[in-house]
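Me: I would like to learn how to read cavities and helix packing from a model of a protein. Could you take me through the features in turn, with the general idea ahead of each case?

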Amino acid sequence: MSILNDIVLSLNDFLWSYVLIALLLVLGVYFTLKSNFVQFRYFKEMIKLLGASSTNKKKGQVSSFQAFCISTASRVGTGNIAGIAIAITLGGPGSVFWMWLVALIGAASSFVESTLAQIYKVKDRDGFRGGPAYYIEKGLNNKFMSVVFSILITVSFGFVFNAIQSNTVAQAFQSAFGIDKAIIGILLAILTTVVIFGGVHRVAKISEVIVPIFAVAYILVAIVVILLNIQKIPEIFTLIMENAFGFKAIAGGGLGATMLMGIKRGLFSNEAGMGSAPNAAATATTSHPVSQGLIQALGVFTDTIVICSCTAFIILTCGDYATSNLSGIQLTQYALSSQIGSIGNYFIAVCIFLFAFSSIVGNYYYGQSNIEFISGSKGLLSTYRIAVVGMVIFGSLTAVDIVWNLGDLFMAFMAIINLFAIAKLSKFAFLALKDYTNQKKSGIKEPIFKASSIDGLVGCECWKAEDNK
């Protein structure tokens, strides 16, 4: 394990230091400028679309709201609570600023990839499915790259990231209640089995219940902590900004470590540009691909600007966070307990259990969608489900460092392939956005997409019916 961890760390250092940071920032800025700042310009429209989609669902369909919840279920998990604590411990408070920046820029990347997922989605027995593997094959005509991506996302989300989720839950419950990690792993495995063998509709139903309720509960607790420490907030903002640009070294060894941790943990949490959320975006039944692109961009804001910031402020209001010798979920538990008493320890444990469980089922679906892309074999899908359950148990028992480092490595490979693909295909997302904008300006309340309206667009079979109307 030690040798494997050293190899993984070396690869991570190269990919994150020299490849991914440049790709994420350069493409994020390009998409932002090319779309005329879509993530800010259409913010009100995002909220309106989300509200409307939650009431317009028809039986047997996955609504835009449910697709939002599936992707948010995967986003909102250990990355928001444990990952931010790790970033602050290793990179200092300034990592929070770089986390915010990658979210603000990354929302444009999320818009592009999710719009493309809708354009190139395919119909199946449960409704629709799609994602990077589908738009790489149909849009770029590259079967090899699409299969490689499918394997990477299946291993990353179905196995590695789910091991991270169960690992964090096991630590949290051991810290709060003294429960053995193996017991928590088995409990999570049982719950996961019940849900994932029920198909995408059961995943959607679980996600739309757990995510909104406990995300709101977590935000409310964070607001209470902020109000109790309202006089410290200007000081905390100053600390974040000073450390972000290396003016005040707190931890992590300087500006490079601060940027690296903020961007890594920010991407792990909000997944913008990684190619995961498009798998959920493709499941939605919608009249225009852009509407789901906008809703998924809102998911990045929800995840990072709101929920990750809640964790950051909880930790930074704790005066001795830097000297506590704690990291990850245990630091967040300690920080909240210092503000509201021992109940904070228990509250974080329960929150992380439910967030992680929703992430496990969301992550599972990403793998399922890509298993179905590679092969229609029911036996392969059943094997995958069993392996997911096994990784949940394995993750609860294994060492922390190797799990997180493997997550970073697979995330890097996924993001590189997906960013290349969406850079090549982004023109179709921007043309779709132009079509959506023109229809809205002409007074159409619910724009309808026709593939024939986009020059050079081929391979989008699900929208052919609209061309005949």
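Me: Which residues line the second largest cavity?

Reply: On a 1 Å grid over the protein atoms alone, a cavity is a set of points where a 1.4 Å probe fits but cannot get out, and lining residues have an atom within 4 Å of a point. In this structure, the lining of the second largest cavity consists of L24, L25, V102, I105, G106, S109 and A272. Two elements, α1 (2–34) and α6 (95–119), each give two or more residues to that lining, and α6 gives the most, with four residues; helices here are DSSP runs (H or I, at least four residues), numbered from the N terminus. The model is predicted, so that local features need pLDDT of at least 70 and side-chain atom pairs count only at pLDDT 80 or more, while totals for chains, interfaces and linings use all residues. Residues are numbered from 1 along each chain as its sequence is written, and side-chain values use heavy atoms, with hydrogens and water left out.

Me: At what angle do α9 and α16 pack?

Reply: Two packed helices are described by the angle between their axes and the distance between the axes. Axes are lines fitted to C-alpha atoms, for helices over the stretch in contact, and angles run from 0 to 180 degrees between N-to-C directions. Helix α9 (residues 181–196) packs on helix α16 (residues 343–374) at about 45 degrees, with the axes 10 Å apart. α9 is therefore oblique to α16, given that angles under 35 degrees count as roughly parallel, over 145 as roughly antiparallel, 65 to 115 as roughly perpendicular and the rest as oblique. Contact means heavy atoms within 4.5 Å, and here L187, L188, L191, T192, V195 and I196 of α9 meet F353, F357, I360, V361 and Y364 of α16. By class, that contact has ten nonpolar residues, one polar and no charged.

Me: How are α16 and α17 arranged, and which residues meet?

Reply: α16 and helix α17 (residues 378–397) pack at an angle of about 150 degrees, their axes being 10 Å apart, which means that α16 is roughly antiparallel to α17. From α16, the residues I360, N363, Y364, G367, Q368, I371 and E372 meet L380, L381, Y384, R385, V388 and V392 of α17. This contact divides into eight nonpolar, three polar and two charged residues.

Me: At what angle do the axes of α7 and α8 cross?

Reply: The axes of helix α7 (residues 132–140) and helix α8 (residues 143–177) come within 8 Å and cross at roughly 175 degrees, and α7 and α8 are therefore roughly antiparallel to each other. P132, A133, I136 and E137 of α7 make the contact with K143, M145, S146, F149 and S150 of α8.

Terms used. On a 1 Å grid over the protein atoms alone, a cavity is a set of points where a 1.4 Å probe fits but cannot get out, and a pocket is an open set with protein on both sides within 12 Å along at least five of seven lines; lining residues have an atom within 4 Å of a point. Ala, Val, Leu, Ile, Met, Phe, Trp, Tyr, Cys and Pro count as nonpolar, Asp, Glu, Lys and Arg as charged, and the others, Gly among them, as polar.
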